[in-house]
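Could you walk me through the fold of this protein, starting with the overall picture and ending with a couple of individual residues? Here it is.

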Amino acid sequence: MLRQKIEAAFDKLTREGWFAKSDWQCCQGCGWPAIPTDFCGPIAFFHEQDADQLDMVNSNPSCCIAFGHSDKTPESTIAAGERLVAALKAEGCFVKWDGTENTRPTVSLHSS
Ligand SMILES: [Zn+2]
């Protein structure tokens, strides 16, 4: 299932020193400020509204993953996005991302 794959990727990233959380707050507006201010490193999460999509019973659920870096530079943010996408793909997810800091990667089980 997609949720398990994403959570497996988040577990791996957490062991690498990320702040990577499932069901993190209700939305991005609440999610970002709730990250501990003393955390330094890359960040990824999906929030409860994203999780509604994720838990929908259909053949290809999808979920957008918010990502960033505590230092907020474009370089660190994009590097975090690239690592996040690689970790999700390593778990067998299909990931659609344009490679920019302003777009969240969309994760699903397969391309269609
Ligand atoms: Zn909220």
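## Fold report

Among contacts in the protein chain between residues at least 6 apart in sequence, 48% join residues at least 24 apart; two residues are in contact if their C-beta atoms, placed from the backbone, lie within 7 Å. This is a predicted model, in which local features need pLDDT of at least 70, side-chain atom pairs count only at pLDDT 80 or more, and totals for chains, interfaces and linings use all residues. Residues are numbered from 1 along each chain as its sequence is written.

**The chain as a whole**

The protein chain holds 4 helices and 6 strands, and reading along the sequence gives the pattern α-β-α-β-α-β-β-α-β-β. Helices (H or I, at least four residues) and strands (E, at least two) are DSSP runs, numbered from the N terminus. Along the principal axes, the C-alpha atoms of the protein chain fill a box of roughly 40 × 25 × 25 Å. The radius of gyration of the protein chain is 13 Å, which agrees with the value near 13 Å for a compact globule of 112 residues. That radius is taken over C-alpha atoms, and the globule rule is 2.2 Å times the number of residues to the power 0.38. Buried residues make up 28% of the 112 residues. Here a residue is buried if 20 or more other C-beta atoms lie within 10 Å of its own, exposed if 12 or fewer, and partly exposed in between, with C-beta atoms placed from the backbone.

**Two open sheets**

Strands of a sheet pair through backbone hydrogen bonds, either parallel or antiparallel. In this report, two strands pair if DSSP finds at least two bridges between them.

Axes are lines fitted to C-alpha atoms, for helices over the stretch in contact, and angles run from 0 to 180 degrees between N-to-C directions.

Another open sheet of 3 strands has the order β3-β6-β5, with antiparallel pairing. Its edge strands, β3 (62-64) and β5 (94-96), each pair on one side only. Neighbouring strands of this sheet are turned by 20° against each other on average, direction ignored.

Some of the strand pairs look like this:

| Strand pair | Sense | Bridges | Residues facing each other |
|---|---|---|---|
| β1 and β2 (residues 42-45) | parallel | 3 bridges | Lys21 and Phe45 |
| β2 and β4 | antiparallel | 4 bridges | Ala44 and Phe67 |
| β5 and β6 (residues 106-108) | antiparallel | 3 bridges | Val95 and Val107 |

**Helices and the core**

What covers β2? Both faces of β2 are covered: Pro42 and Ala44 on one side, and Ile43 and Phe45 on the other, are all buried.

In soluble globular proteins, nonpolar side chains tend to be buried together. A nonpolar core is a set of buried Ala, Val, Leu, Ile, Met, Phe, Trp, Tyr and Cys residues joined through C-beta atoms within 7 Å. The largest one here has 24 residues, of which Ile6, Ala44, Leu84 and Leu88 touch the most other members. At least two residues of this core come from each of α1, β1, β2 and α4. Not counting residues up to four places away in sequence, Leu84 touches Ala44, Ile65, Phe67 and Pro105.

**Two loop residues to look at**

Most residues other than glycine have a negative phi. Gln25 has a positive one, near 60°, and is found in the loop between β1 and α2 (28-31). Gln25 is partly exposed, with 17 other C-beta atoms within 10 Å.

Lys72 also has a positive phi, near 60°, and lies in the loop between β4 and α4. Lys72 counts as exposed because it has 9 C-beta neighbours inside 10 Å.
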